[in-house]
Each structure stands twice: as structure tokens, then as C-alpha cells.
Amino acid sequence: MDRPHTTGDPLELLAAELSRRPSPIVLFNKSHSGSRLLAHLLQEAGVFMGAHLNESRDSLDVLRLVEHLVEHHYPDYAPLWRNAGPAATAAARIAREAFTSHLEGLPPESIRPWGWKLCETGHILPVVDRLFPNARYIHLIRDGRDVAWCDHRGPDSSFWRKIYFNTDRIRVFGGRPCTMAEYRRRPHVYNALHWVNAVMVGRAFGAMLRERYLEVRYEDLCSNFECAARQVLHFI
């Protein structure tokens, strides 16, 4: 359904453009939670998951948008809503480029369902909801004790410090520097911190989405795949 726009807000203008397509299905989680399995399920169900994916089925195009929004705005997106200035213009431009590239090969008139998988999307849900007010969100959660032993990336940059701690101003945690060298010494400690924050942020933003948010446990997919898959497919 097309949404009329009444302001010069670049994000609202972009939302009106994007509303010509079906609303997307968004899959996010803490990294190494098994979301590749759900991405394959959605693809087999006919969902277009993007033109440029890595081996884990993550959208490389949406990643560029997530990196920009997290580095420049997260955790406070309020200025984007209050001021339709250069920051909002830049965010809208990068989002338009990301989704144009992500949707390559899917004709604009297509009614085929589409979406994407990207772990850190959970940190930009307020912006995604602004662009896609009817999108549906699947949050996959795996037991943190398993995820803690799956090495990923330490908080060694502005982006990753925000993903871990919701701020990029931290340089030392627990008396240890936020570097990859320190991460490699005690990866399970950092992975546990990462898991806690990813789940908390995803649930907090997800609660605001009400019936458009579904939480799926990875262990349910393993123990009773058919039942869990039916729940996901019914949701979308």
C-alpha cells in the first residue's frame, strides 16, 4: 500500500518509494546463532533474500546501511526524526542505495515476498520500522552458553564497541583493553557480553513492534524442526 507523504523528510520520502513493494521479512540474531538455517527456510518458501549474500546468507548491501547507522547514530535515533537535515539525507541516500542493490533482479512490479538476514539489524530496528511500517521481524535466539564458544569479532572498532556496549567511548572493560589481541585471549567472555547485549537490544526494540515480532529459539529448530518451521512460515 502506498503511503502519502506530507513533509520533506528524506526518510519519509524513501518510505513512500519503498511502499510500492511488499513489506519485507527481517531476520536478525546474535552472530553464530544458526540463522543460516532460517535463511534457507525462507528462501525455500519463495522469499527473495537479496542479490548479494555471503556464505552465511547475510545481505552485504544491508550491512553497509547497518554500519552507517550504528557508527553515526546508534543508540539515539531521535535526531533523525526531529531534523530532516544532512544526517537524515545521508541516511536516506545510503538506505536507498542499499535496498536498490539488495533488490537487484527482483522487478519493481513483483509481488514476490522479500527480506534479508543480517545479525546486527537488531540495532537499527527503529530506522527499519520507519522505512517499512508493516515489516515482520524474526529474532532467532540460541542458548548463550553455546554462542559464547563460537568466536566472532572483538570490540576493536567504533562499530563493534557499540554492538557490544551501546557506546563507542569505552576503551577498557574489566581492566582489559578492547582489542582483538585481548579478545583472542578470552573470547568466551567477550562473546557472552555480545550475546547479552544483542538479545536485550533485539527484545527491547522487538517489543515495540508488537505482533510483527516473532522470537524463535534455535533449540526448538533442532528438537522439532517441522513445528518450529510451521510457526515461522505461518508468521510470514
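At what angle do helix α3 and helix α5 pack, and how far apart are their axes? In this predicted model, local features need pLDDT of at least 70 and side-chain atom pairs pLDDT 80 or more, while totals for chains, interfaces and linings use all residues. Residues are numbered from 1 along each chain as its sequence is written, and side-chain values use heavy atoms, without hydrogens and water.

**View 1. Packing of α3 (residues 60–72) against α5 (residues 86–102).** The angle is about 165° and the axes lie 7 Å apart (lines fitted to C-alpha atoms over the stretch in contact; angles run from 0 to 180 degrees between N-to-C directions). The two helices (DSSP runs of H or I, at least four residues) are therefore roughly antiparallel (over 145 degrees). Contact (heavy atoms within 4.5 Å) involves Val62, Leu65 and Leu69 of α3 and Ala91, Ile94 and Phe99 of α5, among others.

**View 2. The largest pocket, with a volume of about 410 Å³.** A pocket is an open set of points on a 1 Å grid over the protein atoms alone where a 1.4 Å probe fits, with protein on both sides within 12 Å along at least five of seven lines; lining residues have an atom within 4 Å of a point. The volume is the space filled by probe spheres set on the points. Of 24 lining residues, Ser31, Ser56, Asp58, Cys119 and His152 lie nearest the centre. Helix α3 gives the most to this lining, with three residues.

**View 3. The second largest pocket, with a volume of about 180 Å³.** Its lining includes Leu14, Arg21, Arg96 and Phe99. Helices α1 (10–18) and α5 each supply at least two lining residues.

Notes. Parallel < 35°, antiparallel > 145°, perpendicular 65-115°, else oblique.
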